[in-house]
Structures are given as structure tokens and as C-alpha cells.
Amino acid sequence: MDYRTNTPEIIREFLFYHETIKSHSKKTIDEYFLDLRMFFRFMKIHKNKLPRDTNFEDISIMDIDKNFVQSVTISDVYEYLAFLSRDRPKQQNSRNTDYGLGASARARKIAVIRSYYKYLTLKSENNRLSVNPVADLDSPRLRKTLPRFLSLDESMKLLDGVDGKFRERDYCILSIFLNCGLRISEIAGLNLTDLREDHIRVLGKGNKERIVYINDSCAEAINNYIDVRKLIAAVEKRALFLSSRRTRISTSTIHSLVKKHLLAAGLDSTKYSSHKLRHTAATLMLKSGVDVRTLQELLGHEHLNTTQIYTHVENSSLREAAILSPLSGYKKGAKSK
């Protein structure tokens, strides 16, 4: 569904702002649209604008205006959170699904609502609100989990096991994952013109460019693949990585080849994925002494706290502190001398 024709002006201007000024991707804008549509569908029922037995997915939000948007209170939003945690299907259009979204999904939807009202309070001209009714809105508490990653030995095992018809391409992709920590979309989007002798030009989230330097191992993998790439009559001549159809490789194909080579290397393909290879690159670099600020820039993270999760995986200082504890050598029953 195109938000340009199926969204009231007071929501559409917010989406236009993020698309044109903030340069967010189409996928991100579509998610914003769906989240706000769900929110205002619920609000129309919650505020008795519609019968309770109305089919939720059929509710139109085209009549949402400034007065309605401004009438929302924090209490209303907490009611919405309760709806998400208890009554919202985890999988839409499925007969066999659990109900209640997890904390991370609810937090993302709340973040969109907060961003929307902040925009209307500070940025909007035609629909500006004098007061932000959700300024003090809290987000769901998230359970912090550490990212999964391959060990150094497992990473080398994965690379050593690459074989098959597309071995040069696949090895190069895995090498870029493990040495540079690129996102899967960034790898799929690489062009031949993005390659330099010692670095890669990467177009990341929000169309933000960054330079990622490559080591000798990664450079060799790229050069070996380029020798093969030159012999292919590419349909998409700019694309660095090609599919079997000689078009730009898709993210789904990259997902599949990662799973294939994990399995071939004897690693658990259900436990690891292409994104886990990005985690692996980050973790191995931290272990090798790369500081977190440098890692932030390399990974293309907008906020440092996104990068800092990796510091919890391997912290030699904390480990050393435990070893140096006066009680580290104590054994039950031993008497002090």
C-alpha cells in the first residue's frame, strides 16, 4: 500500500520528511506508515469512534486530523501498549499464531509514536502542536541479550570450507562479512566503482557513505573474485556481486549461501546467520584491541550505545579484576596462614 495515497496529510507530511530530509529507506518509511496506521486504528476504537467488533484491518485512517491527533494522551498510549502485549497477533494472516508482541517490537512502535509527536511539536508548520502529549512517555524495558558470534577458529573453518561453482564469489562475500562487518544490504549493494586499492566505499543506512579499509586477506579475496567476475557477461554491469542469472545478487541469495557454507563447515546453521557474521567481525576486532569509537564508525552505527553491546562480550579488564580478587585462590576448608 502506497502511503502517498492512503494516508491523511497530518501523517503523510511526517513520512515525507523522513523520506526526503532524513533520507530514510523505503523499507523504514513503510514501517513507520504501518506502525502509525495500527496506532490510529486502535485509537479510533479506543475513543469510541467505531464499534468494538469492527474488523481491525479494515479501519480507514483517512479522517484522522489535527484535533484527533492532539486528543491522544499518555494514558491512551499505555492502553495501546496493553493491546500490543495482550491482543495483537504475532503473525498476521495466520490461523496458528500466538498473541502479544514482545518488548522489542513494542519499543519500536513506541519509538515511532514519540518521533511522530516530536515532529509535530517542533518541525511541522501546517499541523504544529503547541504541546507534545506524549513527551513523558516511557518505553518498555528491554531484556539485554549478547549477540551470538563465531569464534576465530570457527571463522577460519567457515572460510576454509568454501567450495562449489561460485566459490570465489562466496568466499569473497564471507571474507567481507568477517573482516569488515558490513550489513547484508551493504554487501548486496556494492558496485565495482566502490572498490579501491585499500578500501571500499559503502552506502549504509539512510544513504550515508562511509569508507571501510580492507586488510590483505580481504583484498586477495576481492581480487580473486574480480578475475572471475571479468569473464561474466553481466546483465547489471555496475554490480559487484552477481547471481547465477548475472544480475545483482539479492540479500536472500546471500542469506542462503551463508547458511549453505555454515552447514558445510559443520557449524549450526540454525544458530548463526549472515547478521551473526557481522557480530563476529565486531567481536573479533574488539578482542584484537580496536576501540569502540573506531568500531562504531567502521560498522556505520549512528549511536555509540548500539556498538557498546559488543564490549560486554569480551572484556579482559573485568576478567582480570575477577582473577585479582583476594578470594580468587580460596578453597573451602583451607585455613589462612
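A residue counts as buried when its relative accessible area is under 20%, as exposed when it is over 50%, and as partly exposed in between. With a relative accessible area of 25%, Ser23 is therefore partly exposed, and the same cut-offs are applied to the other residues discussed below. The model is a predicted one, and its chain holds 14 helices and two strands. Of the 337 residues of the chain, 42% count as buried.

**The chain as a whole**

- The chain exposes about 20100 Å², and carbon and sulfur atoms supply 49% of that area.
- When contacts in the chain between residues at least 6 apart in sequence are considered, 57% of them join residues at least 24 apart.

- Helix H2 (residues 26–46) packs with helix H4 (residues 74–86) at an angle of about 110 degrees, and the axes of the two helices are 10 Å apart, an arrangement that makes H2 roughly perpendicular to H4.
- H2 contributes Asp35, Met38, Phe39, Phe42, Met43 and His46 to its contact with H4, which in turn contributes Asp76, Val77, Glu79, Tyr80, Phe83 and Leu84; the residues of this contact divide into eight nonpolar, one polar and three charged.

**Helix packing of H6 with H7**

- Helix H6 (residues 152–160) and helix H7 (residues 167–180) have axes 10 Å apart and pack at an angle of about 165 degrees; because angles over 145 degrees count as roughly antiparallel, H6 and H7 are described as roughly antiparallel to each other.
- The crossing of H6 and H7 is left-handed.
- In this contact, Ser155, Leu158 and Leu159 of H6 meet Tyr171, Leu174, Ser175 and Leu178 of H7, and the residues involved divide into five nonpolar, two polar and no charged.

**Residues with a positive phi**

- Ser23, whose place is in the loop between H1 and H2, has a positive phi of about 60 degrees although it is not a glycine.
- Arg246 is likewise not a glycine and has a positive phi of about 70 degrees; Arg246 is found in the loop between helix H9 (216–229) and helix H10 (251–264), where its relative accessible area of 37% makes it partly exposed.

**Individual residues and their contacts across the sequence**

- Lys66 lies in helix H3, which covers residues 66–71, and counts as partly exposed at 30% relative accessibility.
- Although Lys66 and Arg128 are 62 residues apart in sequence, their C-alpha atoms are 8.5 Å apart in space; leaving aside neighbours within four places in sequence, Lys66 is in contact with Ile10, Asn127, Arg128 and Leu129.
- Leu182 has its place in the loop between H7 and helix H8 (184–188), and at 0% relative accessibility Leu182 counts as buried.
- Not counting residues up to four places away in sequence, Leu182 touches Ile176, Phe177, Ile187, Leu190, Val202, Arg210, Val212 and Arg278; Leu182 and Ala282, which are 100 residues apart in sequence, are 9.8 Å apart in space from C-alpha to C-alpha.
- Ser274 has its place in helix H11, which covers residues 274–287, and counts as buried at 2% relative accessibility.

Conventions: Residues are numbered from 1 along each chain as its sequence is written. This is a predicted model: local features need pLDDT of at least 70, side-chain atom pairs count only at pLDDT 80 or more; totals for chains, interfaces and linings use all residues. Side-chain values use heavy atoms; hydrogens and water are left out. Axes are lines fitted to C-alpha atoms, for helices over the stretch in contact, and angles run from 0 to 180 degrees between N-to-C directions. Helices (H or I, at least four residues) and strands (E, at least two) are DSSP runs, numbered from the N terminus. Angles under 35 degrees count as roughly parallel, over 145 as roughly antiparallel, 65 to 115 as roughly perpendicular and the rest as oblique. A crossing is left-handed if the near helix is turned anticlockwise from the far one by less than a right angle, and right-handed if clockwise. Contact means heavy atoms within 4.5 Å. Ala, Val, Leu, Ile, Met, Phe, Trp, Tyr, Cys and Pro count as nonpolar, Asp, Glu, Lys and Arg as charged, and the others, Gly among them, as polar. Buried means under 20% relative accessible area, exposed over 50%, partly exposed in between (1.4 Å probe, protein chains only). Accessible areas come from the Shrake-Rupley method with a 1.4 Å probe; for residues, only the protein chains shown count as cover.
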